[in-house]
Amino acid sequence: MDFLEELTWRGLLQDTSDPQLFSKLRPGDSFYIGFDPTAPSLQVGNLVQLLVAIHLTKKLKLKPILLFGGATGMIGDPGGRSAERNLLPLEQVARNVELQTAQAKRLWQHAGCDVSPQFVNNLDWAEGLSMLSFLRDVGKHFTVNYMLQKESVKARLSGDGISYTEFSYMLLQANDFDHLYNTKNCKLQFGGSDQWGNITAGLELIRRRSQGEAFGFSVPLITNADGKKFGKSAGNAIWLDSGLTSPYTFHQFWLNTPDTEVVKLLKVFTSSSPEEVSRFEGLVKTAPQKREAQRYLADVLCTMIHGERATLDATLAANVLFGGTIEGLTLDQIEEIFAEAPNTVIATSEVQTLTILDLLAKTVASSKGEARRLVQAGGIYLDNLRCEDASMGVASTNLIQKGFLVLRSGKKNYHLVKVA
């Protein structure tokens with residue numbers, strides 16, 4: 001497949017300014033993708049754009065420019081939102097730029113590209129731009145009618161309206177493209193489909209102001225099974241920062257991908273060939289219970305973002321839910337795995353004298369009689385080991401020293417006991 005065919009096959013192409021644009025670009029030409037630092041971390045929706053940028057770098061030998069919008073991040077893009085954004089303090093935007101840049105650098109190192117991206121901040125050229133200069137040099141090239149036709153603006157006008165601040169966002173982004181076109185030989189911009197209006201505004205400004213030709217394309221917004229996009233504005237962001245979304249939660253998110261979605265996401269988020277994707281597609285149909293496609297997707301992405309050690313730990317933790325050993329896990333890991341499970345806190349002094357029967361009566365059983373019947377039926381597990389003797393002392397278990405016990409009744413009914 002050529003590059004256009006591959007992007008289409010992967011489901012990563014929606015709009016193009018020119019169907020032949022990839023044949024018109026030459027190795028050494030630059031492209032850019034922009035991110036507004038309105039949060040301290042990038043998220044899965046941003047990851048899609050970064051992976052497309054890596055494809056462009058590796059396969060077309062284009063030079064990447066990653067723009068973090070210190071200026072536009074203070075304004076707020078109206079696209080994809082029904083209300084005005086809260087304007088962030090300058091110091092917070094600057095800190096977000098720093099954190100997001102570091103994340104992008106780590107991803108690029110993992111990808112092993114021959115060419116490293118150039119990182120730019122549009123505050124560097126927008127901060128000193130006077131209002132009069134902006135109106136004369138940028139604003140005069142756009143009619144209000146042109147701007148009102150953009151979907152991001154039309155959607156807001158049909159709702160609560162749009163401020164002049166956010167209305168001007170399109171012109172600021174167009175100015176970014178024109179600036180990079182003239183200073184860094186940037187011939188291409190791409191972004192999510194909600195950015196298409198802003199991208200084409202940049203093409204228009206380059207044509208009018210710089211008498212040049214540039215290109216653009218958009219990538220479909222990746223949605224979950226409910227049709228909601230991944231992103232902070234949708235309220236369901238999966239963050240790339242381990243402090244906001246832990247490696248275990250990140251891994252579990254992909255591991256829980258529905259069978260109907262996993263092939264699509266393999267195409268988008270991995271570099272798997274058509275033959276490999278076809279093999280996984282066959283496994284989804286013939287052995288869905290093994291979830292091999294989901295495991296591969298989760299492992300690849302967790303390693304990409306958090307490293308091999310984090311993936312091994314996340315896999316170990318995930319195996320606990322299927323009866324694997326709990327040995328080696330910390331209390332923090334256990335609490336994260338069983339965050340949705342009921343829990344009980346028992347004092348250390350009390351634990352010393354408790355039997356399995358006593359513990360069950362305090363947690364998963366309504367009485368000691370029911371507890372005894374559950375043990376005799378072989379349906380009670382302590383730290384994923386079957387309980388054979390209801391009179392056994394709890395203090396003899398290996399994990400009590402770490403401050404927790406994990407009870408399981410049946411296959412999936414867990415109860416976490418914290419020893420304090």
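1. Helix H3 is mostly covered, since 15 of its 17 residues are buried, where buried denotes under 20% relative accessible area, exposed over 50%, and partly exposed in between (1.4 Å probe, protein chains only). Helices (H or I, at least four residues) and strands (E, at least two) are DSSP runs, numbered from the N terminus.

2. Basis of the values. This is a predicted model, in which local features need pLDDT of at least 70 and side-chain atom pairs count only at pLDDT 80 or more, while totals for chains, interfaces and linings use all residues. Residues are numbered from 1 along each chain as its sequence is written, and side-chain values use heavy atoms, with hydrogens and water left out.

3. Overall description. The chain contains 21 helices and eleven strands. Its C-alpha trace spans about 85 × 45 × 40 Å along the principal axes. Of its 420 residues, 50% count as buried. The accessible surface is about 19600 Å², and carbon and sulfur atoms hold 50% of that area; such areas come from the Shrake-Rupley method with a 1.4 Å probe, and for residues only the protein chains shown count as cover. Among contacts with a separation of 6 or more, 75% are between residues 24 or more positions apart, contact being defined as heavy atoms within 4.5 Å.

4. Geometry of H3. The helix covers residues 44–60, and its end C-alpha atoms lie 24 Å apart, in agreement with the 24 Å that its 17 residues should span at 1.5 Å a residue. The expected span is 1.5 Å times one less than the number of residues. At the start of H3, a side-chain oxygen of Gln-43 comes within 2.7 Å of the backbone nitrogen of Gly-45; a polar contact is a pair of N or O atoms within 3.5 Å, where within protein one must be able to donate a hydrogen and the other to accept it, and residues adjacent in sequence count only if both atoms are side-chain atoms. Just after the helix, Lys-61 adopts a positive phi of about 60°.

5. The nonpolar cores. The largest core has 59 residues, and Leu-56, Phe-217 and Phe-269 touch the most other members. H3 gives the most to this core, contributing ten residues. A nonpolar core is a set of buried Ala, Val, Leu, Ile, Met, Phe, Trp, Tyr and Cys residues joined through side-chain atoms within 4.5 Å. Leaving aside neighbours within four places in sequence, the contacts of Phe-269 include Val-44, Leu-47, Val-48 and Leu-51, together with Trp-254 and Met-304. A second, separate core of 19 residues includes Leu-360, Val-375, Ile-380 and Leu-382.

6. Helix H11. This helix (residues 169–184) has 16 residues and reaches 22 Å from its first C-alpha to its last, close to the 22 Å expected. Twelve of the 16 residues are buried, so H11 is largely enclosed by the rest of the structure. The buried set includes Leu-171, Leu-172 and Phe-177 as well as Asn-175, Asp-176 and Asp-178.

7. The open sheet. Five strands are arranged in the order S7-S11-S10-S8-S9 with mixed pairing. S7 (343–346) and S9 (385–386) stand at the edges with a single partner strand each, so one side of each is left without a neighbour in the sheet. Two strands pair if DSSP finds at least two bridges between them.

8. Strand S10 and its partners. S10 (residues 404–409) and S11 (residues 413–419) run antiparallel and are joined by six bridges. Leu-405 stands opposite Val-417, and Phe-404 opposite Lys-418. The hairpin of S10 and S11 has three residues between the strands, and Gly-410 there has a positive phi near 80°. S8 (residues 380–382) is also antiparallel to S10, through three bridges, with Tyr-381 opposite Arg-408.

9. Burial of S10. Both faces are covered: Phe-404, Val-406 and Arg-408 are buried on one side, and Leu-405, Leu-407 and Ser-409 on the other. Ser-409 counts as buried because its relative accessibility is 17%. Residues up to four places away in sequence aside, Ser-409 touches Gly-379 and Ile-380.

10. A buried glutamine. Gln-252 lies in helix H13 (residues 247–255) and is buried, at a relative accessible area of 13%. Not counting residues up to four places away in sequence, Gln-252 touches Ala-318 and Leu-321.
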